[in-house]
Amino acid sequence: MKRLFLGNEAVARGLYEAGCHVVSSYPGTPSTEITEFAAEYDEIYCEWAPNEKVAMEVAVGSSIAGARSFCGMKHVGLNVAADPLFTASYTGVNAGMVIVVADDPGMHSSQNEQDSRHYAKAAKVPMLEPSDSEECLRFTKTAFELSESYDTPVIVRLTTRIAHSRSLAETADRVNDGLRAYEKNPRKYVMMPAMARDRHIAVEERTLKLADWSEGKAVSDGINTVEYNSKKIGIISSGVCYQYSREALGDKASYLKLGCVYPLPVRLIKDFAAQCEKVYVIEELDDFLETHCKKNGIDVIGKESFTLLGEYSQSMIAKVILGDEKETLKINAAVPPRPPVLCAGCPHRGLFYTLKKQKVFVSGDIGCYTLGALQPLGMMDTCICMGASVSALHGRNKADGENAKKSVAVIGDSTFIHSGVTGLINIAYNNSNSVVIILDNSITGMTGHQQNPTTGYNIKGDPVAAVSLEKLAEAVGIKRVTVVDPYDLSRTEKAVKEALEADEPSVIISRRPCALLKYVKHNPPLKVDKDKCRSCKMCMKIGCPAISLDKNTKASIDFTQCVGCKVCKQLCRFDAITD
Amino acid sequence: MPVKSIMIVGVGGQGTLLASRILGEVLTSEGYDVKVSEVHGMSQRGGSVVTYVKYGDKVFSPIIEKGEADMILAFEQLEAARWISYLKPDGKLILNTQKIAPMTVVTGSAEYPDGIVDELKNSGADVTAFDVLSLAVKAGSAKAVNVVLIGAMAARTDIAKDAWLAAVKDNVPQKFLDLNLKAFEMGYTLTESEE
């Protein structure tokens, strides 16, 4: 039966139908739901790993043990997992191993816009790119077959619009072959120089064979497809860009849709281009397909007409190729932007307000709390990648020891486990007088509430051993470890001041569960006593979305949003905010 | 059938994703090819959110662009104003007149524009505007804004009411079913005079 599948859900269904046994991932928008949906199938063992490198190594281990395995991640997660990827390419697999990397053109929820197709070429592993949910499901199954036929991990690349769009897909039964036998084979699985040199030869031979596959069987299998309409315009594309092109140009153009983006066919593209008068390559981000065409002497139009930046769309393609533009409605109103904000009752708010009062430099990290960078809190100076808050703070304090008295790092519980702990070990080992604040909201927040090693629950919600952040910090050599409740502004301020003044490294654990967690009980919404409110706007300084000024410029609290955290109440000097 | 396009716009946390899920399910049960495109992650945290729903014989692009939407379901005034250029000149706008100040307004760096509803009506679009929040509260919860709006949309399509009710039942928690059915009915039966 056909039904609507989110792209990510369709990948999970593909894992199920392909008989995948082991899934290990770290959450990251837009890839997260693959693993969440996979965890709904009892036949698949699923877990959240501490980071993408661990996840990929788990998948490698399972594959060599003889189980079809999978790991999913966002584009920047593949940077973390690149180390095992490049060598797993050499060892190849026993049972099939598939990796999803989800790119985020337009940066809906990311810190950069990298094009992960380069990884396929660099690591010399095949990469498939589906263009809707039906293909997400089908290509995932094909990826396992390719993986086993060609002895290689296979990457399936998604972009946000594929991962987070629902479209129809048809389901089938699960194939279950059980485990493949493991045979000891150090020449294949122990990558030290002598063995790896032989394996490199095998990898290069494999790439040639895969290129042959992409010319022939990939076409008969419906991975690479050709559709001839008018031959005045030829479009070479893949993924969501094919969908944009097909909608923009309809039967005014012919299409070569490349479901396999690495290795790319040559004859197939040459034959298609020879049939068409003018050939465009339409691809978001880098000129990956275009470079391949031009290297092979195929005359195409690419980035000279299309941007390297952001997402594409049907109207953008229609405008460039056909010169068409649509009529639009206009109104006479200046519409202010609505950037995302820390939620009402967010425990990070009290902590950021405290840091603002102390006027410190904040070395930031990746998570909901990155929103603390926005006004009116505006309390972040840097944000680079997962874990960088801790290690970069150490660097700052080593550059000038005076910085240590007025700088802190902020990092979430999950991000700390992902890659902050190694930075903390560096702080203790190489002795910088740094203050690291772990924002422990008892969940992986920004990606939509995933359990992690500090929460005490696994992906299925079963109770498990929890990492104690206090003991972990102590164990790596940090002697000053304090725990505060960020809803309590005076105690939080005291802890921050003391840590900044101390002549040794400190860890502050700012602990309060995310206000959106189902088990968190909310207090009744607070109210403003308009007679007592003096319009001083102190309560506005914390950037709570539930607080605004009414027409009489008195503070006003939106009862639909307020969860009664009382951080604003502590700021009001006139007792105007009441329970 | 040529492709029809519906946009659902609002503020993160208002329940726009549930609305798009119900709409997608209804359209699928009617036998259309359907694509629903959502944005998850950072923008959900109180930011401007938009969902695209497209249906017809064959849908290619999952997104809707300026001048393409047949209908916009707006959960908030400012968001209606932000996305109105996406409506076809003869398209329908169903609008919750609720106002939620964005942080740029709260901090005083921008103003919440006055008279948005009149501006939208003067744009030439077919506008149905009403106070959905009050209706939702009357139904039993401010959180039912999404289901009231779905009811209002349902009444303005050719799809049978039963198909909508089935999808609502499938997508809301059992313990809030009565509340949501009441909210749906309020939206469905809302007439121009109650605006």
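1. In this predicted model, the side chains of Lys326(A) and Glu68(B) meet in a salt bridge, with an N to O distance of 3.3 Å. Across the interface of chain A and chain B, five salt bridges are found, together with 20 residue pairs in polar contact, both residues of each pair being at pLDDT 80 or more.

2. Arg166(A), Leu329(A) and Arg338(A) together supply 20% of the area that chain A buries against chain B, which is more than any other three residues.

3. Strand pairing also links the chains: β8(A) runs antiparallel to strand β2 (residues 33-37) of chain B, and the two pair over three bridges. Within β2(B), Lys35(B) is the bridge partner of Ser167(A).

4. Turning to the inside of chain A, the domain assignment gives domain 1 (2-177 + 184-215), domain 2 (224-322), domain 3 (348-511) and domain 4 (527-578). The contact between domain 1 of chain A and domain 2 of chain A takes 31 residues from domain 1 and 28 residues from domain 2, while the centres of these two domains, taken over C-alpha atoms, are separated by 25 Å.

5. Domain 1 of chain A and domain 2 of chain A bury about 2400 Å² between them, 54% of it on carbon and sulfur atoms. Of the area that domain 1 buries against domain 2, 28% is supplied by Arg117(A), Ser214(A) and Glu215(A), more than by any other three residues.

6. The polar part of this domain interface has three salt bridges and 19 residue pairs in polar contact, again with both residues at pLDDT 80 or more. On the domain 1 side, the elements that give two or more residues include α6 (117-123), α7 (133-150) and α10 (193-215) of chain A; α10(A) gives the most, with six residues. By class, that side has 12 nonpolar, eight polar and 11 charged residues.

Notes: Residues numbered from 1 in each chain as written. Chains lettered and ligands numbered in written order. Predicted model: local features only at pLDDT ≥ 70, side-chain atom pairs only at ≥ 80, totals over all residues. Heavy atoms only, no water. Domains from an automatic or database assignment. Contact = heavy atoms within 4.5 Å. Buried area = accessible area lost by both parts, 1.4 Å probe. Salt bridge = Lys/Arg side-chain N within 4 Å of Asp/Glu carboxyl O. Polar contact = N/O pair within 3.5 Å; in protein donor to acceptor, adjacent residues only side chain to side chain. Helix = DSSP H or I, 4+ residues; strand = E, 2+ residues; numbered from the N terminus. Nonpolar A, V, L, I, M, F, W, Y, C, P; charged D, E, K, R; others polar. Pairing = 2+ DSSP bridges.
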